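Look at the fold as a whole before turning to the details. The walk below starts with a pair of helices, moves to the sheet, and ends with a single residue.

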Amino acid sequence: MRIVKSVQSKVCVDGSLMKEYVLDEPLTEEFLGFLENFGTVRRIGQLKKPYFSFEKEHFISIRGFAGDSNVEVRYKKEFTDLVADYFHLLLHYYDEGEKGIAALRGIEDSIRQKMKVRL
């Protein structure tokens, strides 16, 4: 899965950076299951299209509809420069399964160490 284009980018009232992306394929339940390895996934299934949100504290939040190829990603303002590539990393390592989960956790540890320096 990869990003085809960035549709919109804006700074939100809380100072976070929001970007809307179009992906080359729809978001699947399998991808949402992958996200559960890295944060909290919430689903609202009683809509026409199942809505989901993903939250990774201090990193990003992702919102969208399962089965849709558009997704909204918000980057936390305090660490935008450190987590700017995190969504890309999620998409990249998703295809690698368990090996990708382990690799991404290592990258997260490195990012967290940099965050601690700032706090």
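How are H3 and H4 oriented to each other, roughly parallel or roughly antiparallel? The model is a predicted one, and in it the axes of helix H3 (residues 86–94) and helix H4 (residues 97–118) cross at roughly 155°. An angle over 145° counts as roughly antiparallel, and H3 and H4 are therefore roughly antiparallel to each other. Their axes come within 8 Å. On the H3 side the contact is made by Tyr86, Leu89, Leu90, Tyr93 and Tyr94. On the H4 side Gly97, Gly100, Ala103, Leu104, Ile107 and Glu108 take part. Sorted by class, this contact has eight nonpolar residues, two polar ones and one charged one.

Along the sequence the elements follow the pattern β-β-α-β-β-β-β-α-α-α. The six strands form an open sheet in the order E1-E2-E6-E5-E4-E3, and the pairing is antiparallel. Strand E1 (3–11) and strand E3 (40–44) are the edge strands, each of which pairs on one side only. From one strand to the next the twist averages 15°.

The pairings can be taken in turn across the sheet. Strand E2 (residues 17–23) and strand E6 (residues 70–75) run antiparallel and are joined by six bridges. Within this pair, Leu17 stands opposite Tyr75 of E6. E6 also pairs with E5, again in the antiparallel sense, over five bridges. Here Gly64 has Val71 of E6 as its bridge partner. E5 and E6 form a hairpin with four residues between the strands, where Gly67 has a positive phi near 90°.

E5 is in turn joined to E4 by six bridges, with the two strands running antiparallel. Tyr51 stands opposite Phe65 of E5. The hairpin of E4 and E5 has three residues between the strands, and His58 in its turn has a positive phi of about 70°.

How does the helical part relate to the sheet? H3 lies across E1, E2, strand E4 (51–56), strand E5 (60–65) and E6, and runs at about 60° to E5.

Leaving aside residues up to four places away in sequence, Ser61 touches Phe54, Glu55, Glu72, Val73, Arg74 and Lys76.

The chain as a whole can be described by a few totals. Of its 119 residues, 34% are buried. Among contacts with a separation of 6 or more, 48% are between residues 24 or more positions apart. The C-alpha atoms fill a box of roughly 45 × 35 × 25 Å along the principal axes. A compact globule of 119 residues would have a radius of gyration near 14 Å, and the chain has 14 Å, so the value agrees with that of such a globule.

Key
Residues are numbered from 1 along each chain as its sequence is written. This is a predicted model: local features need pLDDT of at least 70, side-chain atom pairs count only at pLDDT 80 or more; totals for chains, interfaces and linings use all residues. Side-chain values use heavy atoms; hydrogens and water are left out. Axes are lines fitted to C-alpha atoms, for helices over the stretch in contact, and angles run from 0 to 180 degrees between N-to-C directions. Angles under 35 degrees count as roughly parallel, over 145 as roughly antiparallel, 65 to 115 as roughly perpendicular and the rest as oblique. Contact means heavy atoms within 4.5 Å. Ala, Val, Leu, Ile, Met, Phe, Trp, Tyr, Cys and Pro count as nonpolar, Asp, Glu, Lys and Arg as charged, and the others, Gly among them, as polar. Two strands pair if DSSP finds at least two bridges between them. The radius of gyration is taken over C-alpha atoms; the globule rule is 2.2 Å times the number of residues to the power 0.38. Buried means under 20% relative accessible area, exposed over 50%, partly exposed in between (1.4 Å probe, protein chains only).
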